[in-house]
Amino acid sequence: MEIFFFLTNFLIIIRNFAPKFVRNMTIEEKIIACVLSAVKALYDVEADEKQVQLQKTKSEFEGHLTVVVFPFVKAARKKPEQVGEEIGQYLVENAGDVVAKFNVVKGFLNLVISDAPWITLLNKINAEEKFGFQPVTEQSPLVMIEYSSPNTNKPLHLGHVRNNLLGSALARIVEANGNKVVKTNIVNDRGIHICKSMLAWLKYGNGETPESSGKKGDHLIGDYYVAFDKHYREEVKELKAKFIAEGMDEEAAEAKAKNESPLIVEAHNMLVKWEQNDPEVRGLWRKMNEWVYAGFDETYKKMGVSFDKIYYESETYLEGKDKVMEGLEKGFFYRREDGSVWANLTAEGLDEKLLLRSDGTSVYMTQDIGTAKLRFQDFPIDKMIYVVGNEQNYHFQVLSILLDKLGFKWGKDLVHFSYGMVELPNGKMKSREGTVVDADDLMDAMIQDAYTASADKMKTLDIPEEEAREVARKVGLGALKYFILKVDARKNMLFNPEESIDFNGNTGPFIQYTYARIQSILRKAQAQGIDIPSQLPTNISISTKETEIIQKMNQFATAVKAAGTDYNPSTICNYCYELTKEFNQFYHDFTILGEENAELKVFRLSLAKAVAKVVSLGMGLLGIEMPERM
């Protein structure tokens, strides 16, 4: 915008000449500059560029862009309609290369843009590799985004899928807005839940390994987490009955049974040994975690998710304890009689928050503080974004205050990208009961559904089996990603695989199919020896529908900016869908390869090529691959 402000001031100074000679400005910038010149020439008013309100013309009126003239009515001392007429006439006379004609509706000046500027814009779209993106420079701010955050006692599930897809899409969108981005993951690899899986494997595993079982490591360990819970429930049931028989009431008997179950006692003892660096327990812990990490890597690769840096709770919790003790010494926190350390946040309208237990062990907040310390040492972070479900809203409200107290410059302004839960038609998921929707199984099922849905079409196109499988992979995963990302992240959502794979409507496959259709048209054009030049001549006469598609493509940068500002990937989904709909309507009403006018045929091919490019860029921000044929 700085260059625009400079050019605008330049235009005001040489207002009698500039509207005709500045060639490198966008359509919008040219109109704004000429409106400023008009107001000065007509009413002798030095208007500010912020006073020029420019918007897309409403569909019921003729025009492409509308100038709101009310800000100039007082200075002109005329009725809004007259001001609109006078400014409109000035634009036609002084910016005729941009404005073909105009009409006025009350205080709104509707402008019909000439064909040439639209063709110039189309040339620009086709020429710029990353059209709509802001460049990343050495001076760009560094944004760190944390997402995924799995536990090493179970495989990734549907909830993790939404987290990972939102986090990775947000990382691409933030980078497309001109920021440096570091993608991080914090793995919860310690605690009682990890010990439960370890203990169950020792008791019931008989030395089973991923190799001997043929299972992914994370799936294998998840099975033992479920096994622990099964045996634990049985023990609790027996103990509860025993205590009730001894005269205890039901509630007290259940609480006592849960605490005194031999399995849970053993698990707690194992955790203590882990904390004490017992070599046998640590060795088992490392071995089982390696199995899990290998499984996670497979899942992340299939999902198209990656990280620049992975942190582990086992390495960060001690750093957090040190930072808490530092805060205690500085008087930020206080110690209670039982030895526990707390933060008093009542002055901030919150409550008191436990940071260290009486036995000196840490809590999740401690770990997050430690992770922040290490991250701040590793990277010069300007902004920190945590992609975590909305059940942790309070946690991050507290964390922001604590990090600010402890001196992290981005602490006060950290962003909790809070998203809603994914729900299923049959209810919520429960890891301990083994009723989760496994991420690997889900992706495999989506790919298979895509293959089944497109099998006949693939045969018709004579696509080889290997390519058909690859197309099914792109379409199946595209359906999954788009269905999840098109929903506003702040809302809970119901995942419906059948709806997501539909080739009609607001779905990933619908957009992918349109892209593939355009690629087919371009291949046919190439086979016919039709050359699409990098720069089209600007003297072609084009239809209103064609200018509308170019105008829609020009809004891509606005969509990217809005998605980055609001942290909302669904904005990109909606944009891609709307552009795809516009093109399909055009394709229905107009012919491309069948057009007899050679010049117009080449223009329409160039238009289709640009649509495919912009859609591909948008879907790429979502992590969705585009098939060349389907």
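This is a predicted model: local features need pLDDT of at least 70, side-chain atom pairs count only at pLDDT 80 or more; totals for chains, interfaces and linings use all residues.
Residues are numbered from 1 along each chain as its sequence is written. Local features need pLDDT of at least 70, side-chain atom pairs count only at pLDDT 80 or more, and totals for chains, interfaces and linings use all residues, while side-chain values use heavy atoms, without hydrogens and water.

Start inside. The structure has two cavities of 30 Å³ or more. A cavity is a set of points, on a 1 Å grid over the protein atoms alone, where a 1.4 Å probe fits but cannot get out. The second largest cavity holds about 30 Å³ of space, the volume filled by probe spheres set on the points. Its lining residues (an atom within 4 Å of a point) include Thr 152, Ile 221 and Trp 285. Helix 8 (192-204) and helix 13 (279-303) each give two or more residues to this lining. Helices here are DSSP runs (H or I, at least four residues), numbered from the N terminus. Helix 13 gives the most, with four residues.

Now follow helix 8 to helix 12 (residues 262-275). Two packed helices are described by the angle between their axes and the distance between the axes. The axes of helix 8 and helix 12 come within 9 Å and cross at roughly 115 degrees. That makes helix 8 roughly perpendicular to helix 12 (65 to 115 degrees). Axes are lines fitted to C-alpha atoms over the stretch in contact, with angles from 0 to 180 degrees between N-to-C directions.

Which residues of helix 8 meet helix 12? Among them are Ile 192, Leu 199 and Tyr 204. Contact means heavy atoms within 4.5 Å.

Note on methods:
On a 1 Å grid over the protein atoms alone, a cavity is a set of points where a 1.4 Å probe fits but cannot get out, and a pocket is an open set with protein on both sides within 12 Å along at least five of seven lines; lining residues have an atom within 4 Å of a point. Angles under 35 degrees count as roughly parallel, over 145 as roughly antiparallel, 65 to 115 as roughly perpendicular and the rest as oblique.
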